[in-house]
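Please look over the structure shown here before reading on. The briefing that follows begins with the overall picture and then turns to particular side chains, grouped by topic.

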Amino acid sequence: MNQAEPQATAPAGALSHLKVLDLSRVLAGPWCTQMLADLGADVIKVERPGAGDDTRHWGPPFLKDVDGKDTTQATYFTACNRNKRAITLDMAKAEGQALIRQLALQSDILVENFKVGGLKNYGLDYESLKEVNPRLIYCSVTGFGQDGPYAERAGYDLMIQAMSGLMSITGEADAAPGGGPMRVGVAVIDIFTGVYATSAILAALEVRNRTGAGQHIDMALLDVGMAVLGNQAAGYLNTGDVPKRQGNTHPSLAPYQTFPTLDGSMLLAIGNDGQFARFCQACGHLEWAADPRFASNTLRVKHHDALIPALQAVTRGRSTADWIALLEDKAVPCGPINNLSQAFLDAQVQARGLVVNQAVAPVDTKQAAIKSIANIVTVASPLRLLATPPVLHRAPPSLGEHTDEVLVELGLDAPEIAALRVAGVV
């Protein structure tokens with residue numbers, strides 16, 4: 001694991017000139033703002049006093065204390081809140097609203113995922129804050145967007161996986177053992193929405209560089225859910241054929257699926273005729289490459305039911321490791337089907353430094369559980385900008401860890417901050 005301590009001398013990232021006000025919670029919005037934070041932006045995360053982001057409590061699993069025992073702090077929160085400064089503000093109070101407006105005045109970007117119109121009641125909607133800061137890029141993340149018949153509905157990843165059709169093409173076929181619609185193992189629509197939102201924000205920054213004006217970005221989970229159907233959507237839209245679930249096989253490629261081995265299973269992902277010919281030679285079955293039924297990918301898909309059993313009979317004769325060793329220097333894509341423990345132990349994963357271990361900064365907090373956590377481990381940013389790489393400023397913060405620090409930057413003194421605490425504003 002890479003050890004990265006919080007440090008004031010960390011190199012500046014690509015977005016170190018930007019300030020981001022993060023009013024989002026759970027996953028899609030925080031994933032976006034963590035991407036911006038990893039690239040160097042100063043991200044201030046605003047949470048409810050005493051409660052914070054919902055994901056702080058979405059456990060098990062929970063973070064461990066120095067003795068290896070569970071705390072009350074869920075690991076979920078750490079997945080998307082690294083490199084941020086955390087403050088608590090009650091935006092239902094006028095004083096809290098005023099402080100958020102002050103922060104918005106100093107910010108380049110605001111990300112929120114309240115219900116449509118939810119922030120208008122507080123004077124914190126785009127039109128209101130545009131009057132305060134016309135350069136502000138204001139990104140709203142909702143389930144269904146700012147308009148349309150479903151705009152007022154709450155939207156969740158699992159609901160969108162179902163509505164978008166993603167679950168209809170995920171899982172085994174109805175007739176197969178365990179068949180039926182299946183969700184993806186992570187909240188993939190939330191994560192994709194965070195990535196798309198980041199792209200939209202970076203595009204809006206380019207527009208602002210030319211025009212000087214910010215804009216409102218309308219991100220919807222349903223829009224993203226439909227967009228990431230990719231080739232499956234393209235197939236349906238252009239043929240009218242509704243794709244069906246087919247487990248780990250591919251609708252357009254063969255052989256491209258899991259295969260049994262002597263000690264488990266492996267993934268064989270042959271994407272062209274050259275790869276298929278090299279596979280046939282390596283496993284001692286050149287007759288397959290010469291068989292007119294398998295002469296092209298289209299024919300292999302057509303004769304899938306004849307091809308796959310023949311391959312399965314052969315793949316069972318070697319271990320997964322032996323197959324990988326046999327094929328890796330022949331440009332035939334083949335790999336193990338790892339669990340997470342095996343994946344993080346993989347030599348390439350370790351060589352790329354994809355695990356970061358950050359010490360938790362000592363803070364003056366009433367949360368004893370946070371005090372007893374020594375470090376937090378997260379997955380490194382996959383964004384490899386070689387001249388301005390992602391930076392590690394701080395571990396995922398404790399609730400309200402940076403409240404005083406941020407309020408001082410706004411010009412408040414100690415008595416004013418103390419008064420806000422007494423009033424329950426922070």
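A residue is called buried when its relative accessible area is under 20%, exposed when that area is over 50%, and partly exposed in between, using a 1.4 Å probe and counting protein chains only. This is a predicted model, in which local features need pLDDT of at least 70 and side-chain atom pairs count only at pLDDT 80 or more, while totals for chains, interfaces and linings use all residues. Residues are numbered from 1 along each chain as its sequence is written, and side-chain values use heavy atoms, with hydrogens and water left out.

**Overall picture**

- The chain has 426 residues, of which 44% count as buried.
- Its secondary structure comes to 17 helices and 14 strands, where helices (H or I, at least four residues) and strands (E, at least two) are DSSP runs numbered from the N terminus.
- Along its principal axes, the C-alpha trace of the chain spans about 85 × 50 × 40 Å.

**Salt bridges**

- Side chains of opposite charge can pair when their charged atoms come close.
- A salt bridge is counted here when a side-chain nitrogen of Lys or Arg lies within 4 Å of a carboxyl oxygen of Asp or Glu, and a search of the whole structure finds 16 of them.
- One of these joins Arg 85 to Glu 409, with the closest N and O atoms 2.7 Å apart. Because Arg 85 lies in strand β6 (residues 84-88) and Glu 409 in helix α16 (residues 403-409), the pair ties together parts that are 324 residues apart in sequence.
- Within that pair, Arg 85 counts as buried at 4% relative accessibility, whereas Glu 409 is partly exposed, with a relative accessible area of 46%.
- Arg 85 and Glu 409 also belong to a network of salt bridges that links them with Lys 19, Asp 42 and Glu 405.
- Arg 421 forms a salt bridge with Asp 404, and here the closest N and O atoms are 2.4 Å apart. This pair links distant parts of the chain, with Arg 421 in helix α17 (residues 414-422) and Asp 404 in helix α16, 17 residues apart.
- Both partners count as partly exposed, Arg 421 at 40% relative accessibility and Asp 404 at 38%.
- Lys 330 forms a salt bridge with Asp 329, their closest N and O atoms being 3.1 Å apart; Lys 330 is partly exposed at 29%, while Asp 329 counts as exposed at 61%.

**Aromatic rings**

- Rings of Phe, Tyr and Trp (its six-membered ring) pair if their centres lie within 6.5 Å, and planes under 30 degrees apart count as stacked, over 60 as edge-to-face and the rest as tilted. The whole structure holds 4 such aromatic pairs.
- The rings of Tyr 126 and Tyr 138 have centres 5.7 Å apart and planes at 65°, so this pair is edge-to-face. The pair links distant parts of the chain, since Tyr 126 is in helix α3 (residues 126-132) and Tyr 138 in strand β8 (residues 137-142), 12 residues apart.
- Both tyrosines are buried, Tyr 126 with a relative accessible area of 9% and Tyr 138 at 2%.
- A charge sits over a ring if NZ of Lys or CZ of Arg is within 6 Å of the ring centre and within 35 degrees of the ring normal. The charged end of Arg 25 sits over the ring of Phe 114 in this way, 4.5 Å from its centre, and Arg 300 lies over the face of Phe 276, at 4.5 Å from the ring centre.

**Buried residues in loops**

- Arg 245 lies in the loop between α7 (230-239) and β10 (256-261), and Arg 245 is buried, with a relative accessible area of 12%.
- A polar atom of the Arg 245 side chain lies 3.3 Å from the backbone oxygen of Ser 168, and the backbone oxygen of Gly 180 lies 3.2 Å from a polar atom of the side chain of Arg 245.
- Leu 410 is found in the loop between α16 and α17 and counts as buried at 12% relative accessibility.
- The C-alpha atoms of Leu 410 and Leu 99 are separated by 8.4 Å, although these residues are 311 residues apart along the chain.

How values were computed. A polar contact is a pair of N or O atoms within 3.5 Å; within protein, one must be able to donate a hydrogen and the other to accept it, and residues adjacent in sequence count only if both atoms are side-chain atoms.
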